[in-house]
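Student: I would like to learn how to read the features of a protein model. Could we go through one together?

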Amino acid sequence: MKTYIDIGINLTNKQFQNDIDDVVQNALDADVSQMILTGTSVRNSEESSRIAKEYPGILYATAGIHPHDAKSFDAQSISKLRNLLKQKQVVSVGECGLDFDRDFSPRNIQETCYKAQLELAIEVQKPLFLHERAAFTKFMSITKDYLPQLPKAVVHCFTGTLPEAKTYLDNGFYLGFTGAISDSKRFDHLKEVIQYVPVDRMMIETDAPFMLPKNTPNNLLMKYHERRCEPAFLPFVAATVAQFKGVSGIVVAEETTRNAKIFFRI
């Protein structure tokens, strides 16, 4: 049986506040067997953990502070994240990293917050869920200092260049791909990236409610919710990967599911 794991959904987003049960059931009906809720701040990570706990074996969560939220980082943040990471449904440190595209938090604070979470991941030995946007050089210069001790890491929602992808792979990282890969107007270069990245170093995600796959049929959009992306649409991300790599959808489903199970120990 073909099943998928969505490694990144934002189920705490207000777009889902009234229909979480339906969203999860829609995903299960679409053969998305497990999903990981992305924690983006201490408060959001707590909420993600709480929701995940209500769906044991189906939903999991990460605990971290997104670079956009780095300005909320304080003396208590790491101890609060550490406590969350003791819970069995909380499987990863993050989302953490650097975002110099939006600069919603000052860059020096982003860097301090990121380093603290790298140290936390080393301490608790849970894998990292990473974010990097328009900050590749600084991101790598910081991360390389920790690499010898770091647990496994995935750069989620990868939309970077092929040389950047190669650097991440060379440093042992996994790459997560979203519906962005089907957007030939904005992200045409990702076809070449997908063709290069080995399937055994790749995971898939929707980043719902964002990153709606362009190949999602209109009748599903009408059925669900306007232009909102859902974890139920993950098979369309997998289909684009299969198309670009010239392999069967079953291969993509099996390989990315295996990768995610081993990576997140679920």
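**Reading the model**

Tutor: Take two helices that pass each other: the axes of helix 4 and helix 5 (residues 136-144) come within 11 Å and cross at roughly 35°. Helices (H or I, at least four residues) and strands (E, at least two) are DSSP runs, numbered from the N terminus. Axes are lines fitted to C-alpha atoms, for helices over the stretch in contact, and angles run from 0 to 180 degrees between N-to-C directions. This is a predicted model, in which local features need pLDDT of at least 70 and side-chain atom pairs count only at pLDDT 80 or more, while totals for chains, interfaces and linings use all residues. Residues are numbered from 1 along each chain as its sequence is written, and side-chain values use heavy atoms, with hydrogens and water left out.

Student: Is the crossing of helix 4 and helix 5 left-handed or right-handed?

Tutor: A crossing is left-handed if the near helix is turned anticlockwise from the far one by less than a right angle, and right-handed if clockwise. Helix 4 passes helix 5 in a right-handed crossing.

Student: Which residues make the contact of helix 4 and helix 5?

Tutor: Contact means heavy atoms within 4.5 Å. Helix 4 gives Glu-111, Tyr-114, Lys-115 and Leu-118, and helix 5 gives Lys-138, Phe-139, Ile-142 and Thr-143. For classes, Ala, Val, Leu, Ile, Met, Phe, Trp, Tyr, Cys and Pro count as nonpolar, Asp, Glu, Lys and Arg as charged, and the others, Gly among them, as polar. This contact has four nonpolar, one polar and three charged residues.

Student: At what angle do helix 3 and helix 4 cross?

Tutor: Helix 3 (residues 77-84) and helix 4 (residues 107-124) have axes that cross at roughly 35° and come within 11 Å. Their crossing is right-handed. Ile-78, Leu-81 and Arg-82 of helix 3 meet Ala-116, Gln-117, Leu-120 and Glu-123 of helix 4.

Student: How many strands form the sheet, and in what order?

Tutor: Two strands pair if DSSP finds at least two bridges between them. Here eight strands form an open sheet with parallel pairing, in the order 1-2-3-4-5-6-7-8. Strand 1 (4-9) and strand 8 (202-204) are the edge strands, each pairing on one side only. On average, neighbouring strands are turned by 30° against each other, direction ignored. Helix 1 (residues 20-29) packs on the sheet, touching strand 2 and strand 3, and its direction makes about 135° with that of strand 2.

Student: What is the volume of the largest pocket?

Tutor: On a 1 Å grid over the protein atoms alone, a pocket is an open set of points where a 1.4 Å probe fits, with protein on both sides within 12 Å along at least five of seven lines; lining residues have an atom within 4 Å of a point. Grid points are joined across faces, edges and corners, and a volume is the space filled by probe spheres set on the points. The largest pocket has a volume of about 900 Å³. Of the 34 residues that line this pocket, His-66, His-68, His-131, Asp-207 and Phe-210 are the closest to its centre. The lining divides into ten nonpolar, 13 polar and eleven charged residues.

Student: Which peptide bonds are cis?

Tutor: Most residues other than glycine have a negative phi, and most peptide bonds are trans. The bond from Gly-94 to Glu-95 is cis, with omega near 20°, and Glu-95 is found in strand 4. The bond from Ala-208 to Pro-209 is also cis, with omega near 10°.

Student: What about phi at Cys-157?

Tutor: Cys-157 is not a glycine, yet has a positive phi of about 50°. Cys-157 lies in the loop between strand 6 (153-155) and helix 6 (162-170).
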